[in-house]
Amino acid sequence: MRILYADLEREWRGGQSQALLTLQGIARAKHQVELVTAERSPLAQRAAQMGIRVHASPRFGLRAWAAQSLARLSARSAEEPFALAHLNEPHALTAAWLAGVHRRMPLLLSRRIGFPLQENWVSQARFRAVERFVANSEDVAISLVKSGIARERISIVNEGVRIPELPSVEVRARARKRWGIGDGEFLFGCVSVFVPEKGHRHIIEALSVVRRKYPQARLILAGDGACREELEILTKRLGQQDSVLFPGFVNDVEEVYAALDAFVFPSEFEGLGTALQAAMAMALPSISTARGALAEVVDDQRTALVVEPNAQEFAQAMLLLMDSPELRGRLGVAGRKEVIERFSAERMVANTIQVYEDVLSKSHA
């Protein structure tokens, strides 16, 4: 198959991580894939480094340029046609719809949030052009059905993460040294964009409670976003500025995971939570909410501790982990096993290719 893939986001978030894993997996499976994306975006740079052919659009007039690019690529001669176009986010769908790509090949749209679809006529016209919605969870699939999408137009492909080797003693020591974490300190961490619905404030407030009993507890919040200043102000107001680290966006995020003793994920609304999956794959004992599709990932007391997104419940769970090395070990082992069996990148790519084949078999019937 020859696949046309499009993602016009300029930032690096979970969807772009999934895009890169998908592109890499498609290429490894000996299919041909080309990417339309934003110029100088992290996805453009990382895909190009992997040998993926990238058509990078300028940052100004992005959608219009992308629409022209998609129109040109989709109109290729019969000697090298694309079989289908996979659109990884809504801006890419808009560009493909404007370019009329759906008149030349099936369109697939990844969907990672459980919000209702917009009902204005432009949005509805775009959604009618989609041959198959690729939902990342049952929760998202249900939201699409509630928005009027027929179930046969929806396929579920759970997002996945790479399954890493567990960090050696040397790797862990180097990672902790990088972040200034002492041998006797207990490091909680979260990797996520700083937006209100991610709930970072809950774990900052929880840490101030935990440190009354365990003053050696610390927290690293890797990421950046609109709420960073607000969170830094909260940290200072609670007197936790020496115990909470804000390293910003971290390229080699594995060095964050390698340094941690436990992972905390206080999201108030979430898709499938690939940052949480990555932590579980590292055998990190984790505390998470069950909001959105997270209930499909974590099983309370078996693969993680599941709490409501508030400071009191997170503090209790954090204390419970610090009190019990046995619980930490048990959750870490079970969490890693769960991700290997259900949420690996290899499984995600295989299921995505299976959806492609199903769409093409039905379009040619």
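Is Glu-338 buried or exposed? I looked this up and found that Glu-338 counts as buried, at 9% relative accessibility. Buried means under 20% relative accessible area, exposed over 50%, and partly exposed in between, with a 1.4 Å probe and protein chains only.

I noted the basis of the entries. The model is predicted, so local features need pLDDT of at least 70 and side-chain atom pairs count only at pLDDT 80 or more, while totals for chains, interfaces and linings use all residues. Residues are numbered from 1 along each chain as its sequence is written, and side-chain values use heavy atoms, with hydrogens and water left out.

Next I checked salt bridges (a side-chain nitrogen of Lys or Arg within 4 Å of a carboxyl oxygen of Asp or Glu). I found 23 of them in the structure.

Glu-338 forms a salt bridge with Arg-302, with the closest N and O atoms 3.2 Å apart. This pair links distant parts of the chain: Glu-338 is in helix α13, and Arg-302 is in the loop between β12 and β13, 36 residues apart. Helices (H or I, at least four residues) and strands (E, at least two) are DSSP runs, numbered from the N terminus. Arg-302 is partly exposed, at 38%.

Glu-338 also meets Arg-342 in a salt bridge, at 2.9 Å from N to O. Both lie in helix α13, four residues apart, about one turn of the helix. I recorded a network of salt bridges linking Asp-299, Arg-302, Glu-338 and Arg-342.

Last, I looked at Arg-40, which has a positive phi of about 65° although it is not a glycine. Arg-40 is exposed, with a relative accessible area of 52%.
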